[in-house]
Amino acid sequence: MATLPVAQPFSQVRPRMPRARHVGPNWYATVMGTAIVANAGVALPGDRRWLRDACTVVWALSAALLVVVLAVRTAHWAFHTDQARRHLRDPAVASFYGCLPMALLAVGAGTLLVGPPVLGERAAVTVDAALWTAGTVTALLVAAAVPYLMVAEHRIGLDDASPVWLLPVVAPMVAAATGPALIPHLPEGAGQAREALLLGCYAMFGLSLLATLIMLPLVWSRLMRRGPLPLALTPTLFLVLGPLGQSTTAVGQTADAAPGTVPAPYDAALRGFAVLYGVPVTGFALLWLAVALALVVRAARRGMPFAMTWWAFTFPVGTCVTGAASLARHTGLDALSWLAVGLYALLVAAWLAAGAGTLRGTVSGRLLAAPTG
């Protein structure tokens, strides 16, 4: 006589891929933070073969990380849809969806910078074009969708303002900074396409810049009203450097691509604007870096624990490296070249610290477990 299996209550059914349940969109920060080490290293003034070779290895690591995180996040949505939707409804997590397009864009940019000797020129351009297109579409979607959720669904107050809010709106700035590198690879006769791509990148620069100017005063107001952030969130202060360094990089990249793409006198105007905009913004970035560093030292003395927020030390600093390198290229100032080198040393140290902490937390399972606080 056959017996039918007894159905288990849903609460007792073991979920598929349980370790993916608590892997949120913030894990894309590991991809961004790794890719920027390669991209910023190549951007440094001078031609050092050993550094380029090292950056190629780091780029390959970032590409592998992108594949892994994309796969785990796909499993997260497939097998833990309830948790994924809960993340979207959580204002503390939803903003991290801005990390996805930036991860795609950063790896794509690295593919074009150091990938040709490995993949071949044509394959590298194809991969970058695909990643840039996917990253740009996603960036624009996230830049609109997350603020919509903040207004229509989330319940937040002025004292809840966080530098994390900048992540969705800065993603189009990354697209603006990485898009101009594709212009020389468009067909010679595609003048309209080249100009459209350049001006489209400039439009995304403006979109992201103005949105940042709306968000940043809220963050500053929260700091003035409530004091320092909680210890584990203190590293997120570095996220403010992202739109500053990335916007400086974006105007520099568009200026480099302007000759032969837009008619005179706009090409010369874009080259002039790259310096006139980039210098004061870099000055403010250095001021914010000093304040953020002081607050991080304060938090460290009070026992700041390792958390995934430590990846905020990487990508934003890397954008300041590429921004300073761009200014050095346009002005010829050695001081800016040394600034880029100094910031790059800080970036590498931060990447090693964040990477080591993430590796330990992943192996132990602590970073894959449900949050306790």
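Start at T30, in helix α1, which runs over residues 28-43. The model on your screen is predicted. T30 has a relative accessible area of 4%, so it counts as buried. Which residues does T30 touch, leaving aside those up to four places away in sequence? Select L65, V69, M308, W311 and T358.

**Helix α3**

Move on to Q83. It lies in helix α3, residues 81-89. Q83 is buried, because its relative accessibility is 9% and the cut-off is under 20%. Show its contacts next: R21, H22 and H76, not counting residues up to four places away in sequence.

Now select D82. Helix α3 holds this residue too. Is D82 buried or partly exposed? D82 is partly exposed, at 39% relative accessible area. D82 and A171 stand 26 Å apart in space and 89 residues apart in sequence.

**A patch on the surface**

Switch to a surface view and pick V118, L119 and V127. These three form a nonpolar patch on the surface. Together they have about 230 Å² of accessible area. Click on V127, which sits in helix α7, residues 121-152. V127 has a relative accessible area of 33%, so it is partly exposed.

**Aromatic rings**

F205 belongs to helix α9 (residues 191-226) and F273 to helix α11 (residues 266-301). The pair links distant parts of the chain, 68 residues apart.

F205 is buried, at 6% relative accessible area. F273 is partly exposed, at 31% relative accessibility.

Next, select F238 and F313. Why does this pair count as edge-to-face? The planes of F238 and F313 meet at 85°, so the pair is edge-to-face, with ring centres 4.9 Å apart. Find F238 in the loop between α9 and α10. F313 is in the loop between α11 and α12, so the pair ties together parts that are 75 residues apart in sequence. Both F238 and F313 are buried.

Ring pairs link Y202, F205, F273 and Y277 into a cluster.

**Helix α12**

For the last stop, select residues 315-331, which make up helix α12. Check its length. At 1.5 Å a residue, its 17 residues should span 24 Å. An α-helix has 3.6 residues a turn, so residues three or four places apart point the same way.

Now bring back the rest of the structure around α12. How many of its 17 residues are buried? The number is 14, so α12 is largely enclosed by the rest of the structure. Step just past α12 to finish at G332. This glycine takes a positive phi of about 80°.

How values were computed
Residues are numbered from 1 along each chain as its sequence is written. This is a predicted model: local features need pLDDT of at least 70, side-chain atom pairs count only at pLDDT 80 or more; totals for chains, interfaces and linings use all residues. Side-chain values use heavy atoms; hydrogens and water are left out. Patches are made of residues with over 30% relative accessible area and no salt bridge: like charges are joined within 9 Å, nonpolar side chains (Val, Leu, Ile, Met, Phe, Trp, Tyr) within 5 Å. Accessible areas come from the Shrake-Rupley method with a 1.4 Å probe; for residues, only the protein chains shown count as cover. A salt bridge is a side-chain nitrogen of Lys or Arg within 4 Å of a carboxyl oxygen of Asp or Glu. Helices (H or I, at least four residues) and strands (E, at least two) are DSSP runs, numbered from the N terminus. Buried means under 20% relative accessible area, exposed over 50%, partly exposed in between (1.4 Å probe, protein chains only). The expected span of a helix is 1.5 Å times one less than its number of residues. Rings of Phe, Tyr and Trp (its six-membered ring) pair if their centres lie within 6.5 Å; planes under 30 degrees apart count as stacked, over 60 as edge-to-face and the rest as tilted. Contact means heavy atoms within 4.5 Å.
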